[in-house]
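Subject: Structure handover and findings

Hello,

Here is the structure for you to look over. My notes come after it.

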Amino acid sequence: MPLTTTTRTPPFLAVLVRGLLAGLIAGLLAGAFAYVAGEPHVEAAIAIEEAATHAEPAAGAHDHEDALVSRTGQRGGLFLATALFGAAMGGLLATAYVLLARRRRGDDDGRWGLLLAGAALLGAVIVPFLKYPANPPAVGDPATINQRTVTYLLMVVLGLVAVWAGSLGYRSVGAHAPTWLRAAAAVGGFLLVTAVSYVVMPSFQEVPADFPAALLWEFRLASLGTQVVLWTGIGLLFAALMHHERRRRAGTALPST
């Protein structure tokens, strides 16, 4: 009996559950990384902010004392936030996996899951980070927070468009073209959209001149590392779960003796 059922995409609900589970676990791992690698730099940045606050009039100090969430609560909420965010991203990855199933060639679910996670990491994280790297507390003008938020989200969209342009360039060359030519077309399409986005989008230079450069970049690298751990974890876990699902479905499709 031909195993035709193993070549079809599993039901959406089955894929979604695996995406949510992969994202939840990866989110917890990312939270642990952020706690170990990022929290010391956050504490150091807060200390600088508090020192500057104490040097200001009493009104500024009063605003600082009225923080809604204590540092202890923020540390505990870190794992909750990364877990929920990871689950949401895993769900989106699973949805993209199902929607793009017709474009998939072959039956390697694990490879396809890793490819989607890598594309998300590149377009939604690395491209925006290179334009708008994360800043610790005490860095950034509160008056521009709305503008910076909107431009960052727009940069995420443009990063994903850049990845799509690279994919389009790869396919447009033709299936019979040399591998190096298809790769060059993909890189060219990606870099073109990315470069135009960087030129068009506004820049923000709000880092105080006296802020320690080492602390700034250590925080930024920890922030980027958290996202790398998250998306690497989602990709690996989702790939493993989908590979297991395919093997299970292949086993149930075998004729009984």
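Below are the findings, from the whole chain down to single residues.

**Ground rules**

This is a predicted model, with local features needing pLDDT of at least 70, side-chain atom pairs counting only at pLDDT 80 or more, and totals for chains, interfaces and linings using all residues. Residues are numbered from 1 along each chain as its sequence is written, and side-chain values use heavy atoms, with hydrogens and water left out.

**The chain**

The chain has seven helices and zero strands. Helices (H or I, at least four residues) and strands (E, at least two) are DSSP runs, numbered from the N terminus. The order from the N terminus is α-α-α-α-α-α-α. Of the 257 residues, 35% are buried. Buried means under 20% relative accessible area, exposed means over 50%, and partly exposed is in between (1.4 Å probe, protein chains only). Take the contacts between residues at least 6 apart in sequence: 86% of them join residues at least 24 apart. A contact means heavy atoms within 4.5 Å.

**α5 against α6**

Two packed helices are described by the angle between their axes and the distance between the axes. Here, α5 (residues 145-172) packs on α6 (residues 179-200) at about 155°, and the axes are 7 Å apart. The axes are lines fitted to C-alpha atoms, for helices over the stretch in contact, and angles run from 0 to 180 degrees between N-to-C directions. That angle makes α5 roughly antiparallel to α6. The classes are: under 35 degrees roughly parallel, over 145 roughly antiparallel, 65 to 115 roughly perpendicular, the rest oblique. The crossing of α5 past α6 is right-handed.

Which residues of α5 and α6 meet? From α5 they include M155, L158, V161 and R171; from α6 they include R182, F190, V193 and Y198. By class, this contact has 13 nonpolar, five polar and two charged residues. Ala, Val, Leu, Ile, Met, Phe, Trp, Tyr, Cys and Pro count as nonpolar, Asp, Glu, Lys and Arg as charged, and the others, Gly among them, as polar.

R171 sits in α5. R171 is partly exposed, at 37% relative accessibility. Its C-alpha is 8.2 Å from that of A186, and R171 and A186 are 15 residues apart in sequence.

**Aromatic pairs**

There are three aromatic pairs in the structure. Rings of Phe, Tyr and Trp (its six-membered ring) pair if their centres lie within 6.5 Å; planes under 30 degrees apart are stacked, over 60 edge-to-face, the rest tilted.

One of them is Y35 with F79: tilted, 5.9 Å centre to centre, 40° between the planes. Y35 is in α1 (residues 12-54) and F79 in α3 (residues 71-99), so the pair ties together parts 44 residues apart in sequence. Y35 is partly exposed at 37% relative accessibility. F79 is partly exposed at 30%.

Another is Y132 with F204: ring centres 5.9 Å apart, planes at 50°, so tilted. Y132 lies in the loop between α4 (109-131) and α5, F204 in the loop between α6 and α7 (213-253), 72 residues apart. Y132 is buried at 12%, whereas F204 is partly exposed at 22%.

G110 is in α4 and is buried, with a relative accessible area of 10%.

Best regards

Terms used: Left-handed = near helix turned anticlockwise from the far one by under 90°.
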